[in-house]
Amino acid sequence: MEPGCSLLLVDDDEEFLEILDRRFKRRGLFVASAIDPQSAMEAASQGAFHVAVVDRSLPGQDGVELMLRLLDRHPQLRVILLSGHGDEETIAHARGRGAFDYLVKPCSFADLEAAVTRAYDASRAAAPG
């Protein structure tokens, strides 16, 4: 995991969010956390992130809709969606709309960390210059 990676975590499960926040910070990443779409958009307006991990089910807005808003403002961002449901049609739909990856909860931290690493590498490869 690259220490230069900046990561936005969005999940309404505060305990889960705190665990992820601590684990990724221990690995040297810059991490911002948000419990709802509005907080996520505010965090994204404060600075550029390489990767966002977004819960599919959020209060007030679907995670895919939030992903679309984030990508509209930050095209280099790579978004990983997390969901308790992961049928093939749902996953294909999310990827077709711009999701870099789609993981089904519960997933191991190792799987999430690997997805974040791949997304960070893809974000850096797509960066201009």
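**Salt bridges, cysteines and a cis proline**

C107 is partly exposed, with a relative accessible area of 26%. Start there, and bear in mind that the model is predicted.

A disulfide needs the two sulfur atoms within 2.5 Å. Seen from the other end, C107 is in no disulfide either, and its nearest cysteine sulfur is that of C5, 16 Å away. The two cysteines also sit in unlike surroundings. C5 is buried, at 1% relative accessibility. C107 is partly exposed at 26%.

P106 lies in the loop between β7 and α5, the latter spanning 109-126. The peptide bond from K105 to P106 is cis, with omega near -5°.

K105 brings us to the charged contacts. How many salt bridges does the structure hold? The count comes to eight. In one of them, the side chains of K105 and D11 meet, at 2.9 Å from N to O. K105 is in the loop between β7 and α5, while D11 is in the loop between β1 (6-10) and α1, so the pair ties together parts that are 94 residues apart in sequence. The partners differ in cover. K105 is partly exposed, at 26% relative accessibility. D11 is buried, with a relative accessible area of 2%.

Next, follow α5. Its residue E113 forms a salt bridge with R27, and the closest N and O atoms are 2.4 Å apart. E113 belongs to helix α5 and R27 to the loop between α1 and β2 (30-34), so the contact ties together parts that are 86 residues apart in sequence. E113 counts as buried, at 17% relative accessibility. The cut-off for buried is under 20%. R27 counts as partly exposed, at 35%.

Further along α5 comes R118. Its side chain meets that of D101 in a salt bridge, 2.9 Å from N to O. This pair, too, links distant parts of the chain: R118 is in helix α5, D101 is in strand β7, and they are 17 residues apart. Is D101 buried or exposed? D101 is buried, with a relative accessible area of 7%. R118 is partly exposed, at 42%.

Now compare the position of D101 with that of G60. The two are 41 residues apart along the chain, and their C-alpha atoms are separated by 23 Å.

Helix α5 also contains A126. A126 counts as partly exposed, at 32% relative accessibility. G47 is 79 residues from A126 in sequence, and their C-alpha atoms are 18 Å apart in space.

Turn now to helix α4, residues 88-97, where I91 is placed. I91 is buried, with a relative accessible area of 13%. L103 is twelve residues from I91 in sequence, and the C-alpha to C-alpha distance is 8.7 Å.

Finish on the surface. Which residues gather there in a patch of negative charge? They are D12, D13, E14, E15 and E18. E14 lies in helix α1, residues 14-26. E14 is partly exposed, with a relative accessible area of 47%. Membership of a patch requires over 30% relative accessible area and no salt bridge. E14 clears that area cut-off, because its relative accessible area is 47%.

Technical notes
Residues are numbered from 1 along each chain as its sequence is written. This is a predicted model: local features need pLDDT of at least 70, side-chain atom pairs count only at pLDDT 80 or more; totals for chains, interfaces and linings use all residues. Side-chain values use heavy atoms; hydrogens and water are left out. Buried means under 20% relative accessible area, exposed over 50%, partly exposed in between (1.4 Å probe, protein chains only). Patches are made of residues with over 30% relative accessible area and no salt bridge: like charges are joined within 9 Å, nonpolar side chains (Val, Leu, Ile, Met, Phe, Trp, Tyr) within 5 Å. Accessible areas come from the Shrake-Rupley method with a 1.4 Å probe; for residues, only the protein chains shown count as cover. A salt bridge is a side-chain nitrogen of Lys or Arg within 4 Å of a carboxyl oxygen of Asp or Glu. Lys and Arg count as positive and Asp and Glu as negative; His and the chain ends are not counted. The place of a charge is taken as NZ of Lys, CZ of Arg, CG of Asp or CD of Glu. Helices (H or I, at least four residues) and strands (E, at least two) are DSSP runs, numbered from the N terminus.
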